[in-house]
Every structure is written in C-alpha cells, then in structure tokens.
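Let's walk through this model together, from the inside out. Have the sequence and the coordinates open as you read.

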Amino acid sequence: MTDGFDAVVVGSGPAGCAAAILLGRAGATVALLEAHRDRAYYKRLCTHSIRSSALPTIQRLGVESVLERHGAVHGHENVWTKYGWIRERAGATTRPEHGLNIRRKTLDPLMRATAEAVPSVQLMMGARVRELSRDAAGRVTGVVAEVDGGSAEFRSRLVIGADGNSSKIAELAKLAGRPTPNRRFGYFAGYRGVRTPPGVPHALWLMEPDVAYFFRNDGDVTILACFLDKEKLPEFRDDREAALLATIAQLPDGPDLSEAERVTDVIGTTDYPLITRKRIVAPGVALVGDAAMTGDPMWGVGCGWAFQSAEWLSEAVAGVLPAGSDAEIDTAARRYQRKHRRRLALHQLSAVDFSQKSGLNPLVDVVVAGAARDNKVADRFVDVGTRNRSPLVLFSPLLLARAAMAARGLLNRA
C-alpha cells in the first residue's frame, strides 16, 4: 500500500492533468495515474480544437504561453450555412478573445510534464486501475492498480475519474451513463500543404445532416474532418482517404487541396454515442472530462469541457480536501456536480437532439438564417457555439424577432 494522498486522479489527459495541477498548487498531495506507459501517449480520436470558453482555465493553469510556443493556433469561428457565412467578430462581446487549436500529440505530453513539475503531484505511468477501495460504510478510500506486474493500493480522500468515455472509475463507482446513439460517423486526417483563406484558422460547414471542418494546428498541420449521416458510410469502406478528400473538395468556398499531403493516419469512428450521466459524484469519487459527460465529437467541445470541469471540481474541493472531513469533501463534490449540470446540461441536450436528427431545431434555424445577415444575431450564435453562453440565449423572444426580421426571404429560398 502506498502512502495516502489527498486525491488520486485516474487518467492523465487534459482533464486529469488540469485537476492534478490545480489541486497540487492549492496544497493537496496528488497521485496522477496513467494506464499507458509512454509519456508521449495521446488521444488519437480528437479534432484538436479547444473552444474559447476554456481559455480562462488554460490561462489560470499558466499553460497558454507554453502552448503558443509549441505552435498552438488562435481559433475564431467561421460557420458556413445554407443561408451564408456566420463569422466571429473580434471584440464583439465579452467572451474570451480566442480558442486554441493544437494537436493532442503536442497537448497531452505538455500537460503531463506541467503536472509532473508540481512538487506535490506524483505521476505514475503504467498504473492500470482494477478496483476501488472502500471503508466499512462503503465510501471510496482509494484505488487498487496494476503496476509493473504487481498490485498497489493508492489511498486517498477523493478519487477523481478522468479516464474518458469508457470510464472504469464510473463503472466501479456505479455512476451509470445514458448512451444516445449518434446518427453520424466521422473521419479526419492531418495534412500539410492545405491552402486556407488568410486569417481563417478554422471553419465549419453545417450542411444538415452532414458537417465538415478544417482546423489549422501546430506544426503547419491542417485537420480535415467530416461527420456524415450513416447512410454515406459505404462510400468510406473501400478508401477512407479518397472519400474524405472528396467530401472536403465539394465544400462551398472550401480549402484548396491541390498540394495537400497527408501526414497522419485517417482516424475515425463509425459509432460514437453521446453519454450523459445523472450523477457524476459518489461518496469519495468525482468524474471530470469525458468520464463525466461525453459530448458529440462533431462539436469539438471535449477538450474545453475537460479543462473546465477539472477547474470547477478543484474550486469546489480544494479548500476542504487536505483537512476537511469526508462529509465536507462529499458536500463540496456535490456542489461541483450542480455547477457542471448548470453550465453544460443544456449544451449536451442540444447536441443529443441534433445527433438524432437530420437538421436543426426550427427555432435555431431561424437564428442561423438571421445570423448570416445580422451581426448582433451572429454574436449570440457564436457565444453559444463557443460554449460561452447558454443555448437558452437563442430562444430569447427579442433575439428570435431580430433574427426573423433579418432572415426575411432567406427561409423560404433555402
């Protein structure tokens, strides 16, 4: 059995590392456990874009300048719709000034190194959790992990599951998730030599039911991605890359692929359900990142929500973790759960709705049409799309009226 820790964090992706960094800097002792042995390990199924809502967390972590030195690209929203382009205006609202595009190949090792540099954080690679330890009352008191062919117990005041959408910690803690099947599949790959419009770091094509993207990333690599209705899956069975490039080549005002050279594998999934959990905490346990809630990769929210959920949890528990009672820690974790639900539940609900349908909600469609013509409507649309404002903003009677006025004539022609 190892010496006790204030927290054991399981998973060393962005969520786990952010939680370890913030708790460690607040004075907690943290064991950061990663099942993979390679410190350069990174998540492959990710479009590498972080929405601007997570920028304050990244700044609080002190890693924004580090990511920029390693080539992170400032992200601004550009959305093609059947009504025209919707573009983010710099300084138009109080939202953070930009997102960040950076490959997970770069991001994950940097976050791991930052966490390991915190004196009270102990990073352990190759530690695969098998069980949760519990006291006589059933409260979780740590984990049992496989390490170097043997078994080790890590005792803690709180176990934090940051181990992704198929979370072992969620399973062991009986924090059940409700999966929602996704009618779309997705493939993407990284290319050099893609010519994109100057000053446009990424763009989305909302073609209903299909969606496509490009994201400029570090290393002069541009990610080309498409998320298509499953009826088009047969087109990808013989040659995924050819089908991906054909999809991007047909986009209106799309990037120039004439000199594109693929530098990554073609990565994707034919089945990626959204997972929503009614509870993300239990006595002695809390979940962050994809373990807490798995969104639709099509919307590029996973990395941002990983950073933000880790910050919300650390804010809630840091003050009571080292010296508070178990009851105080669990009460603080429930406060985190309420904040997570308040900030993200409606975004997840809207993503779940779109994952089942071929098109947008009719009222959202009015907003989209208006946003293509009216800057104020576009500002609110971007606020919600970057997850800086609640989706309820789009259903404001004043906004809907303004959008309808701006969209006169467009809705009937589309």
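The largest nonpolar core holds 121 residues, and Val 143 and Phe 154 touch the most other members. Such a core is a set of buried Ala, Val, Leu, Ile, Met, Phe, Trp, Tyr and Cys residues joined through side-chain atoms within 4.5 Å; buried means under 20% relative accessible area, exposed over 50%, and partly exposed in between (1.4 Å probe, protein chains only). Helix α8 (residues 302–317) is the biggest contributor to this core, with nine residues. Another core, of 23 residues, lies apart from it and includes Trp 85, Ala 189, Trp 205 and Phe 214.

A word on the ground rules: this is a predicted model, where local features need pLDDT of at least 70 and side-chain atom pairs count only at pLDDT 80 or more, while totals for chains, interfaces and linings use all residues. Residues are numbered from 1 along each chain as its sequence is written, and side-chain values use heavy atoms, with hydrogens and water left out.

Next, find the open sheet of three strands, ordered β3-β7-β4 with antiparallel pairing. Helices (H or I, at least four residues) and strands (E, at least two) are DSSP runs, numbered from the N terminus, and two strands pair if DSSP finds at least two bridges between them. At the edges are β3 (49–50) and β4 (73–75), each pairing on one side only. Three bridges link β4 with the antiparallel β7 (residues 99–101), and Val 73 sits opposite Asn 101 in β7.

Finally, look at Phe 395, in the loop between α11 (375–385) and α12 (397–406). Phe 395 counts as partly exposed because its relative accessibility is 33%.
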